[in-house]
Amino acid sequence: MTKIDSKIPEGQLAEKWSNYKAHQKLVNPANKRRLDIIVVGTGLAGASAAASLGEMGFKVFNFCIQDSPRRAHSIAAQGGINAAKNYQNDGDSVYRLFYDTIKGGDYRAREANVYRLAEVSNAIIDQCVAQGVPFARDYGGTLDNRSFGGAQVSRTFYAKGQTGQQLLLGAYSALSRQVHKGNVKLFTRYEMLDLVVIEGRARGIIARNLVTGEIERFSAHAVVIGTGGYGNAFFLSTNAMGSNGSVAIQCYKKGAYFANPCYAQIHPTCIPVHGDKQSKLTLMSESLRNDGRIWFPKSWKMPKLFRLEPKKQQIFLTKTAISIWNVVIPHSETWFHVM
Ligand SMILES: Cc1cc2nc3c(=O)[nH]c(=O)nc-3n(C[C@H](O)[C@H](O)[C@H](O)COP(=O)(O)OP(=O)(O)OC[C@H]3O[C@@H](n4cnc5c(N)ncnc54)[C@H](O)[C@@H]3O)c2cc1C
């Protein structure tokens, strides 16, 4: 049986990655220029990796299928991004964000990595704000938060119903800065077709130039894959046609491990299909909710819910009334039927 080495650093959970960072081998700045890194993908993952590696001084080659990095599917994300800032003073902490995330992942995620995510979450918000991401603010002018995704505290930073779009524009501007400085070279309209592995290490990619149709090869000292999810495997999903997992399978065929394919996010509340030219569905619940709207059934008789026994119906109605009050009052007075 294959033994997975996830290379999690030694030590106490809360110190693993900080210790590792403090003691890892450094690359001399003069040597960084001699190291080439291929980054495939220009979504929130790929664009931030390419911009950061460029800023660190490596020579980066960044690929995407679309005509512009800004068209990566991250643009569709709506809800928001979590951080343990505890601005609402409701008892949030790095540990609580870590715990909620582990629980939300059905206790299957790697604890050390999730802890690191929670640890750097605050710095990510600061960086996004510095890049100009227009997160929602309260009437006093400070960053606003809301409760999202079953979390027990309000820790979600959001930009109306367009958080992904605004974050991607932030990442894209950081990337453009590195392109301008000559640290990152962009290859738009290229589709990765295969991974090149030499002596067990990823050393390059084979890609098709989608304008000329030619197949080209690129080599580097390391390859970073940030090509998004594969939600498009589902019929009628909110994911773009490009979210098809082709690169994940290319890497899998070359020996990479592939775990938890059941973890694909799909959205049940979408604008219905209106024609055969529509390639994906548009999520509507989060954008409405961000503007202070709430969902409730148009007909009291239709939904399954109202076939519940009266006591359970009562509980539901009370909870709905409380959430209407909590959601609508601080935001807006416009709320209406949807469905
Ligand atoms: C409607 C919606 C709402 C969401 N809401 C939230 C939310 O509220 N909060 C949250 O945290 N997450 C949310 N998500 C999820 C989040 O948006 C994604 O997980 C995230 O944006 C993925 O980023 P990525 O960089 O990994 O991939 P993507 O943004 O999909 O980027 C993939 C990149 O890889 C490139 N690529 C793919 N295949 C190839 C290839 N063969 N060759 C070359 N390049 C290739 C593409 O061109 C693209 O540049 C939402 C998602 C959707 C669809």
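Mentor: Start with Lys 7, in the segment before helix H1 (16-23). Helices (H or I, at least four residues) and strands (E, at least two) are DSSP runs, numbered from the N terminus. Residues are numbered from 1 along each chain as its sequence is written. The model is predicted: local features need pLDDT of at least 70, side-chain atom pairs count only at 80 or more, and totals for chains, interfaces and linings use all residues.

Trainee: What is the phi of Lys 7?

Mentor: Positive, about 55 degrees, although Lys 7 is not a glycine. Most residues other than glycine have a negative phi.

Trainee: Is Lys 7 buried or exposed?

Mentor: Exposed, because it has 7 C-beta neighbours inside 10 Å. Buried takes 20 or more other C-beta atoms within 10 Å, exposed 12 or fewer, partly exposed lies in between, and C-beta atoms are placed from the backbone.

Trainee: And where is Lys 160?

Mentor: In the loop between strand E4 (156-157) and H6. Lys 160 also has a positive phi, about 45 degrees. With 16 C-beta neighbours inside 10 Å, Lys 160 counts as partly exposed.

Trainee: New topic. What is the strand order in the open sheet?

Mentor: E6-E7-E8, three strands with antiparallel pairing. E6 and strand E8 (215-219) are the edges, each pairing on one side only. Pairing needs at least two DSSP bridges.

Trainee: How many bridges join E7 and E8?

Mentor: Five, with E7 covering residues 201-209. Ile 205 stands opposite Phe 218 in E8.
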